[in-house]
Amino acid sequence: MIRGEGTSTVGILGAGAMGAGIAQVAAAAGWRVRLFDVDVDTAQHAIDGIGARLEKRVARGRMTADDAAALVERLSVGDELSQLNDCELFIEAIVEDMDIKVQALQGVLKHLPSDAIIATNTSSLSVSDLGEGVDQPERTCGMHFFNPAPVMKLVEVVAGRSTSPAVADRVEAIALHWGKQVARCADTPGFIVNRVARPYYLEAFRCLEDGLCTPDLLDAAMRDAGGFRMGPFELTDLIGHDVNAATTRSVWTSWNEPARLSPVYAQEALVAAGDLGRKSGCGVYDHSGETPIAVLRPGQDAPALTKALTTVATDFAARASDTAGDLPAPLQVALMRVLCGLFNEALWSHADGVADETAIDTAMRFGVNYPRGPFEWMAGIGSDTLDATFTVLANDVDAGRYLRP
Ligand code: NAD
């Protein structure tokens, strides 16, 4: 049971993109929020920004002016850490650096009630190491929101080695009360979403390198036949190839460099050239005109397609989606490779004890808006087709990448 639901207070440290978004989510659910930053002006700026966003919602008739005013009323800038003395939850959302996070938490601890939960929004650091670093492992828990926090529905609740189950349960209850979907997972590199999503990008780049498709055709196939909101190339252009490739490297090295997660040359070359995507004006697409134009070319002219590959791709495509059966053979193979990459990473994550199947499906549906969770999708395709597909992919494309657990 959440203590004093509706009148609870959360302290948030870090008023950047994530801290501000989380503050809005908590205040929308009726919580009082104390927002801190090294720079008090940043925290005030964040609250002003929330107010401005809410005004637009009011103008569009999506929210009443009274509700917007009440929400903003619940937000305050923290100028003294002693103002944390009535917080039942504290969330750190500061710079992604373990030493800085430990140091900041040490400064905060003496001001928090002794039973307050310490949550971290880290994407890539160990929740266990952070909890142990401040000597509070039982009450430290990961509460991983996605960007933008007011829009994205998922929170990964990450229990560290010594996180008390009661603390993780309470963080889950709070996230649900704040209107989020929850995926519970273990404290492992990339948690669920940032690990399972890797093949969506990596396998797409490999298909391009193998000459199976142009970027625009694969993006369209993944949207129209796959049901994804964005194709892998337009999405990585939006995320930024430097950010996307760095996440790949971090997850790949942390999991002992499996072939499945290895960085791809074509994307590394974009980063080296400074072609980072939309933010630099060019990436896989040239963004200088009104419509993006695909400029990254396939690595070879004609794809090497075996009869076995096209045969399993036809069966796979028909079972994976209502419309993928209409795609030309090379795109069916590409769609099959990308989806099977995702499925395999979900299987390995499950086998590695990251999360159960339901949590992985929830995470992928609500953390990155996939049309279906990988396990639900695999169940619809059926084990006979999957067995035949993975056997051919291992024989004809890459034995290491398509080895299932
Ligand atoms: P950001 O750079 O936008 O904001 C960080 C804020 O923390 C800044 O306002 C900075 O002034 C403040 N800060 C830095 N050191 C501080 C300290 N010692 N004490 C108080 N305030 C301090 O960063 P962000 O994108 O909001 O990310 C914050 C955290 O959330 C990171 O751990 C990041 O990995 C994680 N995260 C980010 C995203 C994302 O897409 N941006 C998504 C999920 C999780």
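A polar contact is a pair of N or O atoms within 3.5 Å. The model discussed here is predicted.

**Ligand site**

There are 21 residues around the ligand, and M18, D37, E96, K101 and S123 come nearest.

**Domain arrangement**

The chain is divided into domain 1, residues 9–187, and domain 2, residues 195–396. Taken over C-alpha atoms, the centres of domain 1 and domain 2 are 32 Å apart. Twelve residues from domain 1 and eleven residues from domain 2 make up the contact.

The size of an interface is often given as the accessible area lost when the parts come together. Between domain 1 and domain 2 the buried area is about 740 Å², and carbon and sulfur atoms give 68% of that area. On the side of domain 1, the residues that lose the most area to domain 2 are M152, L154 and Q181, which together account for 44% of what that side buries.

Which polar interactions cross the interface of domain 1 and domain 2? The count of salt bridges there is zero, while one residue pair is in polar contact, with both residues at pLDDT 80 or more. Two elements give two or more residues to the side of domain 1 that touches domain 2, namely β7 (154–159) and β8 (181–186). β8 gives the most, with six residues. By class, this side of domain 1 has seven nonpolar, two polar and three charged residues.

**Salt bridges**

The total for the model comes to 21 salt bridges. One of the pairs that meet the rule is R161 with D129, whose side chains are joined at 3.0 Å, N to O. R161 lies in the loop between β7 and α6 (165–177), and D129 lies in helix α5 (residues 127–133), so this pair ties together parts that are 32 residues apart in sequence.

Methods
Residues are numbered from 1 along each chain as its sequence is written. This is a predicted model: local features need pLDDT of at least 70, side-chain atom pairs count only at pLDDT 80 or more; totals for chains, interfaces and linings use all residues. Side-chain values use heavy atoms; hydrogens and water are left out. Domain bounds come from an automatic or database domain assignment. Contact means heavy atoms within 4.5 Å. Buried area is the accessible area (1.4 Å probe) that two parts lose on being put together, summed over both. A salt bridge is a side-chain nitrogen of Lys or Arg within 4 Å of a carboxyl oxygen of Asp or Glu. A polar contact is a pair of N or O atoms within 3.5 Å; within protein, one must be able to donate a hydrogen and the other to accept it, and residues adjacent in sequence count only if both atoms are side-chain atoms. Helices (H or I, at least four residues) and strands (E, at least two) are DSSP runs, numbered from the N terminus. Ala, Val, Leu, Ile, Met, Phe, Trp, Tyr, Cys and Pro count as nonpolar, Asp, Glu, Lys and Arg as charged, and the others, Gly among them, as polar. A residue is near a molecule or strand if one of its heavy atoms lies within 4 Å of it.
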